[in-house]
Amino acid sequence: VQVGDTYWFSGKVGATAETRAMTEGRAAAETRNIMESFKGLLTELGMDFGDVVQATVYLSDIADYQAMNEVYGSYFPSDPPARETVAVKDLVGGAALEISFVAVKR
């Protein structure tokens with residue numbers, strides 16, 4: 001959804017048949033899938049991760065926080081957006097995590 005220069009991006013999951021079959025490294029792989037998908041969307045809109053001002057991360061297992069955070073952080077080397085991370089019971093499609101963003105076009 002877009003209002004003026006502000007964009008609200010629906011949550012994305014990074015679950016694929018391959019990631020669901022993983023044991024070790026699953027949260028990191030799903031995070032990378034999500035972030036690369038958002039990277040493509042932002043690029044199409046003439047934006048990048050520097051335009052992201054707010055993020056919400058839902059984890060189906062809070063123990064995955066560190067693995068998610070390492071990959072997520074690599075996309076925001078400086079000045080990361082405000083973020084909340086929430087543990088939830090389940091996510092659609094058996095995903096390990098879901099991420100949504102709000103971005104403001106500079």
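Visitor: Is Tyr72 buried or exposed?
Guide: This is a predicted model, in which local features need pLDDT of at least 70, side-chain atom pairs count only at pLDDT 80 or more, and totals for chains, interfaces and linings use all residues. Residues are numbered from 1 along each chain as its sequence is written, and side-chain values use heavy atoms, with hydrogens and water left out. Buried means under 20% relative accessible area, exposed over 50%, and partly exposed in between (1.4 Å probe, protein chains only). Because its relative accessibility is 3%, Tyr72 counts as buried.

Visitor: How many aromatic pairs are there?
Guide: Rings of Phe, Tyr and Trp (its six-membered ring) pair if their centres lie within 6.5 Å; planes under 30 degrees apart count as stacked, over 60 as edge-to-face and the rest as tilted. By this rule, the number of aromatic pairs is eight.

Visitor: What is the angle between the planes of Phe49 and Phe101?
Guide: Phe49 and Phe101 form an edge-to-face pair, with 6.2 Å from centre to centre. The angle between their planes is 70°.

Visitor: How many residues apart are Phe49 and Phe101?
Guide: Helices (H or I, at least four residues) and strands (E, at least two) are DSSP runs, numbered from the N terminus. Phe49 lies in the loop between α2 and β3, while Phe101 belongs to strand β5. The pair therefore links distant parts of the chain, and its residues are apart by 52.

Visitor: What is the relative accessible area of Phe101?
Guide: Phe49 counts as buried because its relative accessibility is 11%. Phe101 is buried too, and its relative accessible area is 2%.

Visitor: Which kind of pair do Tyr72 and Phe76 form?
Guide: The ring centres of Tyr72 and Phe76 are 5.0 Å apart. Their planes stand at 45°, so the pair is tilted.

Visitor: Which ring has the charged end of Arg83 over it?
Guide: A charge sits over a ring if NZ of Lys or CZ of Arg is within 6 Å of the ring centre and within 35 degrees of the ring normal. The charged end of Arg83 is 4.5 Å from the centre of the ring in question, that of Tyr72.

Visitor: Which strands stand at the edges of the sheet?
Guide: Two strands pair if DSSP finds at least two bridges between them. Five strands form an open sheet with mixed pairing, in the order β1-β2-β5-β3-β4. Each edge strand has a single partner, so one side of each is left without a neighbour: these are β1 (2-3) and β4 (82-87).
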